[in-house]
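Hello,

Here is the structure for you to take over.

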Amino acid sequence: MKTDVIIVGAGPTGLMAANQLARFGIDFIVIDLKSAPTAESRAIAVTARSLEIYQQMGLSDTVLEQGTKINSFNVYSEGERKAEVKIGEIGVGLSDFHFLLAFEQSKNEELLYQNLKSIHKNVLWNTEFLELKEWTDNIEILARYENKPTSISAKYLIACDGAKSPIRHQLNFKFEGGTYENKFFVADVIMNWNLEYDKLIVSPSDKNFCAFFPLKGNKRYRVLGTLPKGYDTKEDVSFQDIGKEILNATRLNIDFEKVHWFSVYKLHHRCVNSFNKGNVYLAGDSAHIHSPAGGQGMNTGLQDAYNIAWKMAFVLKGHAHKRLLDTYNEERLPFAQWLMKFTDRMFSIMSSDNWFIARFRKFFALRLVEIIMSKEAIKPIVFRTVSQITYTYRGKSLSAPYRSKQKLKFRTGDRLPYVSENYYTQFTEPVFHLIHITNQNDKVLENNGMLPFPIKMIKNSINDWERFGVKSELFILVRPDNYIALISDTLNEGILEAYFNACFTNNT
Ligand SMILES: Cc1cc2nc3c(=O)[nH]c(=O)nc-3n(C[C@H](O)[C@H](O)[C@H](O)COP(=O)(O)OP(=O)(O)OC[C@H]3O[C@@H](n4cnc5c(N)ncnc54)[C@H](O)[C@@H]3O)c2cc1C
């Protein structure tokens with residue numbers, strides 16, 4: 001078999017990579033040793049930035065329909081409510097998706113898989129990656145399908161083969177970090193209690209940490225937490241054991257009616273020091289793993305796939321030099337490294353057995369969260385951080401130097417500012433967009449054919465952009481992933497041509 005891109009792994013990262021390559025008309029083969037998308041719920045939250053990608057793909061309405069908005073965050077200790085923070089509209093004015101949405105990993109995978117099928121693409125299920133035969137200039141892999149060895153060749157490979165990545169192992173990528181001492185449990189349950197069913201509840205105690213996330217469906221909840229002491233070394237821990245411990249520790253009056261899924265696992269925090277070797281590019285858990293604190297794992301994989309796919313598409317179409325792919329590592333590695341530290345700090349506070357930290361957690365930390373979060377000015381800061389909308393590629397190679405005399409509130413490398421409701425729906429085509437901000441009605445900007453590929457023009461009025469500091473005519477070049485490539489007051493002297501020449505076609 002022969003293709004342009006082999007994707008190993010059809011988890012959320014691999015399926016997103018496949019969908020993105022399909023948007024650009026690139027040929028690919030996705031393989032996975034499973035026989036279908038995962039049925040386990042696993043990751044539960046989708047961030048605003050991931051929802052914006054789904055919106056660009058025309059899928060966000062389905063996600064909203066099938067997901068659950070979480071309206072408040074509550075802290076209970078010893079059966080009593082200690083704090084409540086309303087988070088329903090936490091990010092208003094920052095994104096069309098200004099809330100916290102639970103939409104499980106299994107649903108993300110199913111959605112992405114069905115979307116592939118709707119465009120007549122499929123996954124080669126029951127196909128196990130065995131070995132990379134060639135990986136420097138071209139790719140050749142050996143896989144096993146129905147007990148038969150199969151060879152697949154391609155120009156590039158995206159390794160979305162998860163935390164244990166056989167590809168990362170074969171190529172000896174460094175994967176430094178550590179393993180947490182505590183074990184962790186997750187369960188999807190149907191449960192009855194005397195509390196409302198749309199609230200996220202966190203219940204810290206001296207013994208362990210436990211959280212309850214509402215899922216779509218009658219009385220469906222995800223329960224997760226650290227295993228209580230004494231269970232760490234025990235084999236075959238059952239939910240019956242843990243259920244009793246949950247009741248003891250939280251003192252909540254819960255009747256667990258049904259357990260759909262229960263798993264106990266060790267958590268790691270590890271990251272590679274480079275996202276690629278030769279023509280092999282790692283994405284998602286194959287490159288970085290961290291605690292689920294903050295619900296960032298799956299979302300980061302989706303963003304990795306989104307970033308590499310458009311760049312690979314431009315290179316394969318001959319629109320860009322292969323050097324463009326180096327910017328994947330340049331842009332995504334610092335984020336993965338920051339995330340590992342951020343989630344590690346959060347997780348250590350949530351799960352530590354240290355007497356002082358456990359007391360602090362039980363009596364002060366979450367009360368502190370309530371006080372901080374009750375300040376209206378703080379909510380957008382929290383939303384920006386956890387929703388991944390603030391992450392910027394400022395100062396990176398694809399972010400051109402600032403060329404405006406205006407005092408703008410955004411820079412090259414930033415996510416396209418959220419101008420108004422549904423603003424991003426103008427940016428659904430897999431191309432660069434050039435926004436021309438002007439109040440002159442008669443001025444029509446033409447693509448003069450000097451550019452290496454089509455660019456879609458969008459005209460906005462200065463009024464629309466005033467709150468971002470725009471006072472006069474401005475041009476903003478936006479990448480296919482809705483990050484700002486270039487900002488300029490004029491389009492003189494072949495500015496666009498110079499940008500593409502430097503970033504896309506220059507061989508030096
Ligand atoms: C029990 C559990 C609970 C979790 N809960 C949360 C949570 O609450 N929040 C959160 O953010 N994250 C959570 N995570 C992490 C989250 O699931 C991952 O971050 C996410 O799945 C990463 O997606 P991925 O596509 O990169 O990797 P995966 O989902 O691991 O996908 C990798 C794919 O590669 C395939 N594969 C592996 N080896 C081969 C091979 N040799 N040949 C072919 N295919 C192969 C696998 O079958 C799999 O389909 C949880 C993980 C687990 C295990």
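The chain splits into three parts: domain 1 (5-67 + 103-175 + 272-353), domain 2 (68-102 + 176-269 + 366-376) and domain 3 (423-505). These bounds come from an automatic or database domain assignment. The model is a predicted one: local features need pLDDT of at least 70, side-chain atom pairs count only at pLDDT 80 or more, and totals for chains, interfaces and linings use all residues. Residues are numbered from 1 along each chain as its sequence is written.

Domains 1 and 2

The C-alpha centres of domain 1 and domain 2 are 27 Å apart. Their contact takes 22 residues from domain 1 and 23 residues from domain 2 (contact: C-beta atoms, placed from the backbone, within 7 Å). On the domain 1 side, β3 (45-46), α2 (48-56) and α8 (326-351) each give two or more residues. Helices (H or I, at least four residues) and strands (E, at least two) are DSSP runs, numbered from the N terminus. That side of domain 1 holds 10 nonpolar, seven polar and five charged residues. Here Ala, Val, Leu, Ile, Met, Phe, Trp, Tyr, Cys and Pro count as nonpolar, Asp, Glu, Lys and Arg as charged, and the others, Gly among them, as polar.

The ligand

The ligand is surrounded by 33 residues (C-beta atom, placed from the backbone, within 6 Å of the molecule). Gly9, Gly11, Gly162, Gly284 and Gly297 are the closest. Domain 1 and domain 2 each supply at least three residues of this shell. At least two residues come from each of α1 (12-23), β9 (127-134), β17 (254-271) and α7 (297-316). By class, the shell has 15 nonpolar, 12 polar and six charged residues.

Helix α7

Of the 20 residues in α7, 20 are buried (20 or more other C-beta atoms within 10 Å of a residue's own; exposed is 12 or fewer, partly exposed in between; C-beta atoms are placed from the backbone). Glycine 318 follows α7 and has a positive phi, near 80 degrees.

Methionine 16

Methionine 16 sits in helix α1. Methionine 16 counts as buried because 29 other C-beta atoms lie within 10 Å. Leaving out residues up to four places away in sequence, methionine 16 touches Leu112, Leu302, Ala305 and Tyr306. Methionine 16 and tyrosine 306 are 290 residues apart in sequence, yet 6.9 Å apart in space, C-alpha to C-alpha.

Best wishes

Conventions: Contact = placed C-beta atoms within 7 Å.
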